[in-house]
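Dear colleague,

I am passing on the structure we spoke about, with the sequence alongside, and below it you will find an account of what turned up when it was examined. Please read the notes with the structure open beside you.

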Amino acid sequence: MPYLTRILIYPIKSLDGVAVTKATVLKSGALQHDREFAIVDEHGKFVNGKRNPKVHLLRTSFDIDASSDTINRVCLEVQGTKLGGVFHLERERAELEAWLSEYFGFKVKLLQNSLLGFPDDTEASGPTVISTATLETVASWFPELEKGAISPIEEMRRRIRANLEIGGVPQFWEDRLFAEVGIGVQFQVKDVQMMGVNPCQRCVVPTRDTFTGEVYPSFQKIFVSQRQETLPDGVNLSRFNHFFRLSVNTQIPESEAGKILQVGDEVEI
């Protein structure tokens, strides 16, 4: 039986994630606290790994108050240095923005959206889904990951940045969660109704080491070749205008707001 084996949320868009045992579904279909904050420049553009490799050098951890289900503080460290600080996300917002501005070398602000967050796909703003077996398989395409500071699957997990990880299923199981354009695939995680929408288009971020920002040679070329070769039987090829796609974007209807996803929940299509 497929089951939910891991939940990851990313409180500040583009920065490190947090593994949690449960997550509340918001009215928007997003998970509470996922991409709730975002760093933007003076023109309102996201400061993220796509545009600024210095993002990869920031290590973050969060103080989450389980009793009130709020995120109070963020701890920031610059990889390989003693630079860093701890900031309260509400009371010390100005100080946090000043620290980030100095780090990036230009003025930034920290925006907050507690209702929707800042998803890449605003039409499919639910949690992204992938299987553990998929991450293991994709990691095996890149032998150099064995030399990294963490295990290959953990490095790939950090590169792909999916929210919900499914265990008890074969590789690329999640590719059955989308159909033709305009047709969603209904599935549920325990009593939470969800709908798969489309295979997630990847950007430049997965090509880079998540600790150093160093680009893996020919990452995209290898990925595209292997992804095309290993597509499961019956997958809807019309959704692949290119093969640099992995994990599935979802929607969760408003009726599910307030429900809780929890590690161990059974998954059924």
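Is N52 buried or exposed? Please keep in mind, while looking for it, that this is a predicted model. N52 counts as buried because its relative accessibility is 13%, and the cut-off for that class is under 20%. As to its place in the chain, N52 sits in the loop between strand 4 (37-41) and strand 5, and once its neighbours within four places in sequence are set aside, the residues in contact with N52 are V47, F104 and F106.

F243 counts as buried because its relative accessibility is 16%, and, leaving aside its neighbours within four places in sequence, F243 is in contact with F223, V224, R227, Q228, L231 and L237. Between the C-alpha atoms of F243 and C203 there are 12 Å, although the two residues are 40 residues apart along the chain.

Next, the pockets and cavities. The largest pocket holds about 970 Å³ of space, and among the 50 residues lining the largest pocket, those closest to its centre are R35, D120, I160, R161 and R202. Two or more lining residues of this pocket come from each of strand 1 (3-9), strand 5 (58-65), helix 3 (152-160), strand 12 (192-201) and strand 13 (245-251), with helix 3 giving the most, at 5 residues. Sorted by class, the lining of the largest pocket consists of 19 nonpolar, 15 polar and 16 charged residues.

There is also 1 cavity of 30 Å³ or more in the structure, and the space in the largest cavity comes to about 50 Å³. The residues that line the largest cavity are R6, L8, I130, L135, R157, A162, N163, L164 and E165, and at least two of its lining residues are supplied by each of strand 1 and strand 10 (164-167). In this lining, 5 residues are nonpolar, 1 is polar and 3 are charged.

Turning to charged pairs, the general point is that side chains of opposite charge can pair when their charged atoms come close. Over the whole structure, the search finds 14 salt bridges, of which I describe some here.

Within helix 3, E155 and R159 lie 4 residues apart, about one turn of the helix, and their side chains meet in a salt bridge with an N to O distance of 2.8 Å. E155 is buried because its relative accessible area is 3%, and R159 is buried because its relative accessible area is 2%.

The salt bridge between the side chains of R73 and D63, at 3.7 Å from N to O, links distant parts of the chain, since R73 belongs to strand 6 (residues 70-78) and D63 to strand 5, 10 residues apart. What do the accessibility values say of R73? With a relative accessible area of 33%, R73 is partly exposed, and D63, at 35% relative accessibility, likewise counts as partly exposed.

A further pair is E256 and K259, whose side chains meet in a salt bridge at 2.9 Å, N to O. Here E256 counts as buried at 4% relative accessibility, whereas K259 counts as partly exposed at 26%.

Lastly, the cysteines. How many disulfides does the count come to? The count comes to 0 disulfides. C200 is in no disulfide, as the nearest cysteine sulfur, which belongs to C203, lies 8.3 Å away, while a disulfide would need two cysteine sulfur atoms within 2.5 Å. C200 is buried, with a relative accessible area of 13%, whereas C75 counts as partly exposed, at 22% relative accessibility.

With best wishes

Technical notes
Residues numbered from 1 in each chain as written. Predicted model: local features only at pLDDT ≥ 70, side-chain atom pairs only at ≥ 80, totals over all residues. Heavy atoms only, no water. 1 Å grid on protein atoms, 1.4 Å probe; cavity = no way out; pocket = protein on both sides within 12 Å on 5 of 7 lines; lining within 4 Å. Points joined across faces, edges and corners; volume = space filled by probe spheres on them. Nonpolar A, V, L, I, M, F, W, Y, C, P; charged D, E, K, R; others polar. Buried < 20%, exposed > 50% of the residue type's maximum accessible area, 1.4 Å probe, protein only. Contact = heavy atoms within 4.5 Å. Salt bridge = Lys/Arg side-chain N within 4 Å of Asp/Glu carboxyl O.
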